[in-house]
Amino acid sequence: MAPTGTFTAGPVAGLPPGATKIKHVVVIMQENRSFDSYFGTFPGADGIPANVCVPDPATGGCDRPFHNPNDVNGGGPHGATNATADIASGKMDGFVTQAEKARKGCLDPNNPACGSGKVPDVMGWHDAREIPNYWTYAKDFVLQDHMFEPNASWSLPEHLFMVSEWSAHCTQHGNPSSCVNALQNPGDPTDVKGGGTGKAPIYAWTDLTYLLHEYGVSWGYFVATGTEPDCEDDSAVTCAPIKQNAKTPGIWNPLPYFDTVKADGQLGNIQSVDNFLSRAQNGTLPAVSWLAPSGDVSEHPPAAISAGQAYVTTLINAVMHGPDWDSTAIFLAWDDWGGFYDHVAPPTVDENGYGLRVPALVISPYAKRGTIDHQTMSFDAYDKFIEDLFLKGQRLAPSTDGRPDPRPDVRENAPQLGDLMADFDFGQAPLPPIALSPTPPPGPASR
C-alpha cells in the first residue's frame, strides 16, 4: 500500500510564513553527554541546582557536581536498566552508584572511569573553557534546555528512533506486523557479534526514508569512517573498537538493514561524511541529511571532547560557508546521556521514553538569535519538522502511512512534544555565518 497523501512533496498547511525558506535539514548526532554535563552552568538555562549532592555508596557520603577540565571523560553505563536507576523514580540520584558498579567490570583498566578510589566523573561538568564553540553556537543561535532522548536506552535503539520513531524486534522480512516493541534489544547488527559472523537483524517496520522516497524527497545518511562509538554491551563503559564506514551496517548506521531502504533501491544514499562536506561546499545538499560520527570524534568516552568539537565545527563551517546556508536548518544533539548527571526527570510519553535530557542546538540563518527554548522536546521533533516541511504533514502512522506496523503510538503527535518551528524567525534578516576555528582557545569560565 501507499501513503494516503498526494505524493507531491510540499509543506503542510498552517506553517509559519516563510518556513519554506528552509530547503535543507541537517541532523548532526554526537554521543553520550547529558545537558547538565555540557550546559549545566549556561546563563539562563535550566541548569545544575545549588546544593545538589548525589549519594556515593563507596564513601557513604555524596558527590557534588564539579568543573571537570579533562578532555577525556569516563562517563557511566547507559542501558535501559541504568536509565531507570539513574532517574530513580524522579529523584535523579542514581548516577554515582551506577558508575561505580560499572567501573568494576570495565574492559580497559586505563579508561578514566575505571580509576580506583576516585570520585566518578559522571558528576563533572564543562563550560566554555573546554567547549567554547558549542557555547558560542548556544549564544548566537538557539539552545534547547529540555531536549530528551526519545528512548530511555542506548545508541542503537536511539538511532532507530531517529530514522523511524521506533525500536522493534521483527521475525519476518517484508512483514511489519511481525515486529514487536524492543526498547533495549531490537537485534544487533552482525558486526557487533564479531567480524560479521552473527545473524543479520530484521528491521521490517516503516522508517522515514520510506516516506521521503514515496514523496520524492532527497535524503542522505552520512557516516564517518573509523570505528563505532558505542558498545554492544551498553552496560560497559568501554569496549574493543569495531570498524565502520558508509558501507558497514552498524549500531550507528542501521539503515542498511531496513527492508524499505533495500526495496526502494536507496542503499546508495548511505555515504561517507566526506561526501557531505563536498556537497555542502558545492551547494548540492539533499533535503534531509543525517550525520553519524566515528568513535574518535563522537565524544563517547573515552573519545576526546576536543576531537568531537573539531569534527562538528568542520561540518557546520562547511554548511555555513557553502551556497546552501541561507536555506538550511542544522539540528545538533547528543544521542544519549552517557551516564552523566542530569537533574531533570524526563516525562513519560509511552513505554519507551522519553529518556534523559541531552544537549541540543538549532543553528540556522533563521534561528532566533541568543534564545533558550524551554519547550519539552525529543528527537521526534526533528522527524515532525521534516514531515511538516517536505511531506505535507504525513506521519509515521500505521493508519495513514500505507505500511502499517504495530508501533505503540505516533510519536510525532505526542501532546508533550513542543513546536520546533517556534525556534525560528523566518521574517528576520538571515543571520550571517560565523567563523569558528576547529581548534579554538579556551573560553571564559562560567563560575
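A disulfide (a pair of cysteine sulfur atoms within 2.5 Å) joins Cys53 to Cys62, with an S to S distance of 1.9 Å. This is a predicted model: local features need pLDDT of at least 70, side-chain atom pairs count only at pLDDT 80 or more, and totals for chains, interfaces and linings use all residues. Residues are numbered from 1 along each chain as its sequence is written, and side-chain values use heavy atoms, with hydrogens and water left out.

The link of Cys53 and Cys62 is right-handed, with 95° about the S-S bond. For accessibility, buried means under 20% relative accessible area, exposed over 50%, and partly exposed in between (1.4 Å probe, protein chains only). Cys53 is partly exposed at 26%. Cys62 is also partly exposed, at 39%.

The structure holds two disulfides. Cys170 and Cys179 form one of them, with their sulfur atoms 2.1 Å apart. Here the angle about the S-S bond is 105°, and the link is right-handed. Cys170 is buried, with 5% relative accessibility. Cys179 is buried as well, at 2%. A disulfide is a covalent bond between the sulfur atoms of two cysteines.

Next come the charged pairs. Side chains of opposite charge can pair when their charged atoms come close. A salt bridge is a side-chain nitrogen of Lys or Arg within 4 Å of a carboxyl oxygen of Asp or Glu. The structure holds nine salt bridges.

Asp350 forms a salt bridge with Arg411, and their closest N and O atoms are 2.8 Å apart. Asp350 lies in the loop between β15 (328-334) and β16 (360-363), and Arg411 in the segment after α10 (380-390), so the pair ties together parts that are 61 residues apart in sequence. Those helices and strands are DSSP runs (helices H or I, at least four residues; strands E, at least two), numbered from the N terminus. Both partners are buried: Asp350 has a relative accessible area of 14%, and Arg411 has 1%.

Arg129 pairs with Asp127 in another salt bridge, the closest N and O atoms being 2.8 Å apart. Where do the two side chains sit, buried or partly exposed? Arg129 is partly exposed, with 27% relative accessible area. Asp127 is buried, at 0%.

Arg395 forms a salt bridge with Glu387, with 3.1 Å between the closest N and O atoms. Arg395 is buried, at 12% relative accessible area. Glu387 is buried too, at 0%.

Which residues form a network of salt bridges? Asp36, Asp342 and Arg357 are linked in this way.
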